[in-house]
Each structure stands twice: as C-alpha cells, then as structure tokens.
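I opened the model to look up its charge pairs. My entries follow the structure.

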Amino acid sequence: MTFERSATTPFADDTVLSEAYIPNELRGRDNELNEVSEILQQIIDREEPFNSFIYGISGTGKTVSIKYKIQQLQKALSAYDDVHATFIYQNCESINSSYQAAIAIVNSFLRGSRDRPEDRITYDYLKNGLSTDKKALPTAGLPADRVYSLFFELLDLLTYKNTVYCSAVQNAVEKKSYPDLEDLTVTDIIGNKQSDSLQSILSNLHEQEGITPPSEVRDYVVVVLDEVDRIGTRDELLYEIPRSRANGRVDSVTPSVIGISNDIAYKESIKSKTDSSLRLKEITFKKYNVEELQEIITQRAELAFKSGAYDEAIIGFTAAIARKNGGDARYAIALLQKAGVKAKQLEDTVVTETHINLADEEKRRDRVYEVVEDLNEHEKLLLAAIVYHNIHNETPISRTDLYPTYNQFANQLLESANVSRRVADYLKEMSQLGLLTRENAYAGPGQSGFTYDIDRVDYELMIKILASANDRPGGLLPNKLKKAYERFINQQSRPQ
Ligand SMILES: Nc1ncnc2c1ncn2[C@@H]1O[C@H](COP(=O)(O)OP(=O)(O)OP(=O)(O)O)[C@@H](O)[C@H]1O
Ligand SMILES: [Mg+2]
C-alpha cells in the first residue's frame, strides 16, 4: 500500500483540538478571568501579591485560563522596566508530596527544560548560583530540609538581575567589543561590586544599551501548582511559599502561589487550615451552561474543520452531551476530535450527529472500562452478581437479595467473601463512580433501604474485563454468569 493524502479528511487543523492548544480568546469565563486578572494585576502595580486557590470541577477551564492570563501578563510586563516576574507552572498530577514538587521544579531548571527563552539563556548562570553540582536531584534520598533550601535558593535566584539583566549584559558585550570586559565572564561582570572601574563601565553600558540597572526592579516569582490535591496532606509548599519572605528563606524576590484543584474536599481542607496571614484569595470556576459550551465548541469547530466539513447541528448536539457530562469543555472538544476521526474512517466528507454519537459511545465505554478496571476483586465480583441478576431481569435489586450471589461468586473464585456491611460500602462507592444506579426504596421499618441497577449495561465490555481480571485462568468471570451470558447472546442472535 502506498500513502496518499486522505481526500476525505474533515480536518483543517486538528492541533486546535489538543489539550496543549491555548485559544486566542476564552468564551464564557468573564467573571473567572477578571478574578484571575485582579491577582496578576498586583504585579503590574508593584503591590504585595495575594495568593490564590482556584477551584472548579473538571473541564471548567481552570488550567487554560491561568495559562492564558499569564501569557497576557508576560506581554504586558514588557512595557514596564521596573517590574520583573517569573512564572513557574508545575502540574502535580503525578506528584504525591510537596517534597516531590520542590524536586520537580528545581530539576526543571537544572535540566534547562523551562520553555521561556530568557530562562534558557540564563540557565547556566542560575545553575552556577545553586549550591549543587548535580545535573538533576534524585527523587528520593535527600533530606527534606536540603530539598526545600535548594528550592528557595532557586526562587531567590530568579531575579531580573540573574535572568533578563544578565542576558542583556551578555548580549551587549557580545554585540560590541568592550575591551575592558573581554576576558571576564558575565558572572564576573555583574557579581563584582568591589571594582569601581568595572562599576563605571557597567553604568556606561546601561546607558548606551538602554538596560535598566537591577536596583530599580521589583522581582516577583509566581508558582502555579496545578492539580495540587495530588500532593495530598503533604502540602507544606502551599503555605511555605507565601511565608518564605517573612521567614527569611528568600530576600531578593517576592514569591506567591496559585493552587488549582477540582477536588472539593481538598478545597475545604485548605480553607480550614489557612489563616488570614496567607492572604489567600479563593476563586471558583462555575460549570459551563449549554450556551457557553456552544460558544466554545463553535470556536474550535471553525478552526479544526474545513469549511463545509461539519453539520452546524453538531454544535448544539455536542453542547447538550457535554452539559450532561458535568458541563465539561474537555469532553466536548474530545467529542469533536473523535467524531472527526470517525468521519474520516468512514470516508464521510461531513461530520454529523451520527459521528458525534459514535464518538460519545466510544468515550463512555472507555470511561466505564477505566473505572471497572480499577475496582478491587470483591467489587468486580459484586458487579458480576448485578450483571447476573440483570440478565435475568431481576434488577433493581436490594443488597439483601444480591448478597447470596456475590457470596457464592467470591467463595468460588477468591476463597472468601466480605461481610454484608462491607458490601454496602462497595455498592455505595460503585454508585458514586456512576457504574450503578442507586434508588432509595425504603418501605418502612425493618425493610432494606436501597436498590441497585445497572444503567445501559455494556455486558460485552464488562464480561471481557471480568474474564481478563487478575492472573487466574478464566479471570474473575464466575461460571454461572458465563453460562447465563452465553444463553443471553444466543437468544439475541436467534431470528425473531
Ligand atoms: N472558555 C473556554 N474557551 C475555550 N476553550 C476552553 C474554555 N474552557 C475550557 N476550554 C478547553 O477545554 C479543555 C479543558 O479545559 P481545562 O484543561 O482548562 O480544564 P480544567 O478546569 O483545568 O480541568 P481539570 O480540573 O480536569 O484539570 C481544554 O482543552 C481547554 O482549552
Ligand atoms: Mg486542569
């Protein structure tokens, strides 16, 4: 087979559907963006910055909004030569403590992997200033004190003098020849306060090249800890960064922190732990409504698809699905992307509701798959029991009626079963995960409370997961269920 450009691709530019893409304009976030601006505005105004905690459920635009506003602020800052700010964005998704977060941030500088050009130019310079000769800190083994002192040492180095100013001097020296400076490194030139002649050469250089001397510039460092709930209760960094100046851990820069999370319990725990000295401002991102979702989807679809390659009706249709999924903009954008791929596979030239539906089904299935795979063995067998009763049209079912089946399955396959009380917890958890529907069927004293059912059962998928669960041959698929399922399939395929 030879490769040829697909004639039917609906995409004009599918990169705008990726998570990394930051739109030119954010729709439906006016209040939220204004609140974020208020905090960042303090930097432009050379004020004492607030710290903030941003909360909102998944897909409400927290990450994209903060990145967008920081971009804007960076552009605006170039008009002021008496403020300098460094932004450190750290996603804590795979980080489980403040200790690990501090290491990850220090390492991003040691490795020179920051993406801002000015950070790259001066990264050697910063590295020289840090009291470690390591190329990267190990992720375990160093005492916590050492890690935090390196972390704050790093923040304290992130001054105008060490970054922008340093590279401006370096560029000036390279551009023109200053015979007196020729044999000196930038560190020697900037760091040498003793030599009067050097100082006067420097002030000439400031004048000639229009460089602002460091004494006039106020330095801010903003540390953004995204998905900060992942660091759990080991969250010292959230409190230590705002206090670091008062505690004397830094003195050249003014640090502040922005924590972001979609975990409501975590938000509450932060609130109860913080006092007013932290100056912590809380910002809540609201769920998107259908109209806002439509605007976001329209904006993306226009850029992602060729003109005429999508049916306008998909906008409202996709927005309605995304709204049902908690007003999640990420889900909406993912549907566009998957629907485009479906259309292309089917060699359809126009993306329609049919493709969105296919995409939604596939995404829902992926989600169920992930959730079910993560269940423990007893929960999986409980699920097997409910599927079993569902096949026999015996659902909704109470815990009392379900228990014997679970008990039998668990004794057979795991050689032990949990007590009924424990099963109640599992059922509750699985309902919260959205795998089961739970209804209050309280029928008076002495009667059991809830009944459970499986909404829209994806038998095939669940049977597959059960069959491949753990290492035993046959997995966690009880024989009784396997037979019931085979009978069910046979009935389905029999002509009516
Ligand atoms: N107002 C908006 N305009 C355009 N695109 C948006 C808007 N809000 C969110 N998006 C897009 O939706 C996706 C999800 O947004 P984002 O990553 O900011 O969500 P989040 O609130 O950080 O979610 P999580 O809590 O899961 O991290 C991203 O692709 C983002 O670009
Ligand atoms: Mg996010």
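I am working on a predicted model, where local features need pLDDT of at least 70, side-chain atom pairs count only at pLDDT 80 or more, and totals for chains, interfaces and linings use all residues. Residues are numbered from 1 along each chain as its sequence is written, chains are lettered from A and ligands numbered from 1 in the order written, and side-chain values use heavy atoms, without hydrogens and water.

Entry: salt bridges. I searched the whole structure and got 16 salt bridges (a side-chain nitrogen of Lys or Arg within 4 Å of a carboxyl oxygen of Asp or Glu). Lys 281 pairs with Glu 38, with the closest N and O atoms 3.5 Å apart. Lys 281 sits in strand β5 (280-284) and Glu 38 in helix α1 (30-44), so the pair ties together parts 243 residues apart in sequence. Helices (H or I, at least four residues) and strands (E, at least two) are DSSP runs, numbered from the N terminus.

I also found Asp 229 bridged to Arg 230 at 4.0 Å, N to O. Is Asp 229 buried or exposed? Asp 229 is buried, at 15% relative accessible area; Arg 230 is partly exposed, at 42%. Buried means under 20%, exposed over 50%, partly exposed in between (1.4 Å probe, protein chains only).

Lys 338, Lys 342, Glu 362 and Asp 366 form a salt-bridge network.

Entry: α17. In this helix (399-414), the buried residues include Leu 402, Tyr 406 and Phe 409. Glu 415 follows α17, and its phi is positive, near 60°.

Entry: loop. I placed Asp 311 between α12 (290-304) and α13 (313-324).
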